[in-house]
Amino acid sequence: MSDTDPRPCVLVVDDERGPRESLRMILEPAHRVIQSSRGSEALELLRAHPVDVVTLDLHMPGMRGDEVMRAVRREFPGVEVIVITGCGSVESAAEAVRQGICDYLQKPFDVVQVTAAVARAVARRGARSRLCRFLEELGHAVGRDREAQALLDDLHASERLRARLGEVFDARGGRDAGAAGAARGVAFLELLAETIETKDRFMRGHARRVAFVSGLVAERLGLGAEEREDLRIAAFLHDLGKVGVPTDLLLRDGALEPAERRIVEQHPVIGARLIASLDLPAGIALALRHHHEWWDGSGYPDGIAGERIPLAARIIGVADAFDAMTCDRPYRRALAREVVVSELCRFSGIQFDPDAAEALLACVEAGLCDQDAGSLAGAAASAAPGCAPQAA
Ligand SMILES: [Fe+2]
Ligand SMILES: [Fe+2]
């Protein structure tokens with residue numbers, strides 16, 4: 001058996017040769033399959049090889065299946081376990097659920113059942129490692145030397161986040177692991193963005209409002225449903241990289257020193273890097289990276305100009321500035337509507353894409369932007385389907 005084989009690896013643990021062999025025959029076309037007839041040997045194999053999924057018989061001589069299950073959960077928390085048993089009971093099923101196993105099948109099993117259960121487990125394993133990589137990146141960005149597992153524990157401590165996490169894993173592993181799964185994954189990211197906003201009390205609700213206003217502008221500019229959906233995700237996550245900026249710089253009353261400004265200006269790059277591990281469409285990371293570029297090329301981080309700036313980034317840029325002007329900041333109160341309108345006009349073609357600025361002015365004119373964040377969310381749901389910020 002080669003550990004460099006890219007196929008997911010399944011360890012089949014059963015003391016009977018018959019079920020072991022049938023599982024091998026069912027799974028081998030799409031998986032690397034290794035087998036063990038004893039629990040203690042299975043644990044040795046897990047220590048020696050990178051395994052993604054274990055299928056486990058509960059009734060075995062020597063180390064019992066439930067003991068093996070607990071040992072696997074303790075020592076290899078990222079490995080998914082499917083219990084396949086000939087004499088299951090309500091108690092053993094309940095214990096398996098408590099241990100967080102992925103699936104519970106009764107013998108005799110059929111091909112469809114087993115294939116679907118293993119596919120779900122592999123997908124769940126993939127989602128978990130993507131999330132762990134993301135959290136590791138997040139850990140580096142926040143400058144805290146924390147294990148991904150510790151951050152995961154923190155997230156698990158919040159009931160809402162826990163529910164979202166469950167949805168992410170289950171949806172990705174379920175039969176409908178496509179659009180619905182991705183949407184739920186995004187709902188989790190939105191919640192994460194909100195959690196990060198708590199670093200700066202003036203930013204609370206900022207991502208949601210920018211997503212809403214970006215949606216209005218995109219609707220006005222005639223973007224397609226898919227582009228609007230990617231834009232909504234990017235707008236929600238646009239300041240995610242601020243997690244890597246010291247809180248005192250975000251809350252500073254006075255002007256920043258040039259060195260401090262350079263740190264703050266890293267947030268688009270950090271944000272793009274953070275989401276790179278998440279299998280989101282590539283345009284989303286680009287929109288994060290470029291949301292502070294200016295139409296005339298004098299923005300950051302790359303100083304690109306005009307249509308070289310991705311459209312989503314240009315839309316987020318104008319929506320972001322609009323939100324900054326219409327909300328209280330540490331150094332000033334929200335600006336009056338006439339001032340906001342004149343600033344949008346003044347910086348059109350300098351800071352803002354003229355088309356995006358014009359579209360936003362039309363929305364302001366139509367009164368679509370004159371509401372608070374709560375009613376904005378409701379208005380978005382009816383005015384701009386596909387662009388509405390999701391209630392987290
Ligand atoms: Fe930003
Ligand atoms: Fe922002």
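Is histidine 238 buried or exposed? Histidine 238 is buried, with a relative accessible area of 0%. Keep this residue in mind, for the metal site below uses it. The structure here is a predicted model.

## The chain as a whole

Start with the overall picture. The chain has 392 residues, and 46% of them count as buried. Its secondary structure comprises 18 helices and five strands. The chain exposes about 17900 Å².

Next, look at which residues touch. Take the contacts between residues at least 6 apart in sequence. Of these, 63% join residues at least 24 apart.

## The iron site

Now find the iron ion (ligand 2). Its protein donors are His206, His238, Asp239 and Asp320. Both histidines donate through NE2, while both aspartates donate through OD. The donors lie 2.1 to 2.4 Å from the ion. Along the chain, the donors follow the spacing H-x31-H-D-x80-D. The four donor atoms subtend angles of 76 to 170 degrees around the iron ion (ligand 2). A tetrahedral site would need all angles between 85 and 135 degrees. The arrangement is therefore irregular.

The iron ion (ligand 1) is 3.6 Å from it, and aspartate 239 coordinates both ions.

## Salt bridges

Side chains of opposite charge can pair when their charged atoms come close. How many salt bridges are there? The count comes to 20.

One of them joins aspartate 57 and lysine 107, with the closest N and O atoms 3.5 Å apart. This pair links distant parts of the chain, 50 residues apart. Aspartate 57 is in the loop between β3 (53-56) and α3 (65-75). Lysine 107 is in the loop between β5 (103-106) and α5 (111-141). Aspartate 57 counts as buried, at 3% relative accessibility.

Another salt bridge joins glutamate 80 and arginine 124, at 2.9 Å from N to O. Glutamate 80 lies in strand β4 (residues 80-85), and arginine 124 lies in helix α5, so the pair ties together parts that are 44 residues apart in sequence. Both glutamate 80 and arginine 124 are buried.

## A charged network

Some salt bridges join up. Arg64, Asp66, Glu67 and Arg70 are linked in a network of them. Within it, the side chains of aspartate 66 and arginine 64 meet at 3.0 Å, N to O. Arginine 64 counts as partly exposed, at 42% relative accessibility.

Last, turn to helix α1, which covers residues 17-27. Which of its residues are buried? They are Pro19, Arg20, Leu23 and Leu27. These residues cover an arc of only 105 degrees around the axis, which puts them on the same side of α1. On the other side of α1, Arg17 and Met25 are exposed.

An α-helix has 3.6 residues a turn, so residues three or four places apart point the same way.

Technical notes: Residues are numbered from 1 along each chain as its sequence is written. Chains are lettered from A and ligands numbered from 1 in the order in which they are written. This is a predicted model: local features need pLDDT of at least 70, side-chain atom pairs count only at pLDDT 80 or more; totals for chains, interfaces and linings use all residues. Side-chain values use heavy atoms; hydrogens and water are left out. Donors are N, O and S atoms within 2.8 Å of the metal (3.2 Å for Na, K and Ca); water is not among the atoms, so sites may look incomplete. Four donors count as tetrahedral if all angles lie between 85 and 135 degrees; four count as square planar and six as octahedral if opposite donors are over 155 degrees apart and all others between 65 and 115; anything else is irregular. Buried means under 20% relative accessible area, exposed over 50%, partly exposed in between (1.4 Å probe, protein chains only). Helices (H or I, at least four residues) and strands (E, at least two) are DSSP runs, numbered from the N terminus. Contact means heavy atoms within 4.5 Å. Accessible areas come from the Shrake-Rupley method with a 1.4 Å probe; for residues, only the protein chains shown count as cover. A salt bridge is a side-chain nitrogen of Lys or Arg within 4 Å of a carboxyl oxygen of Asp or Glu. The arc is that of the directions from the helix axis to the C-beta atoms.
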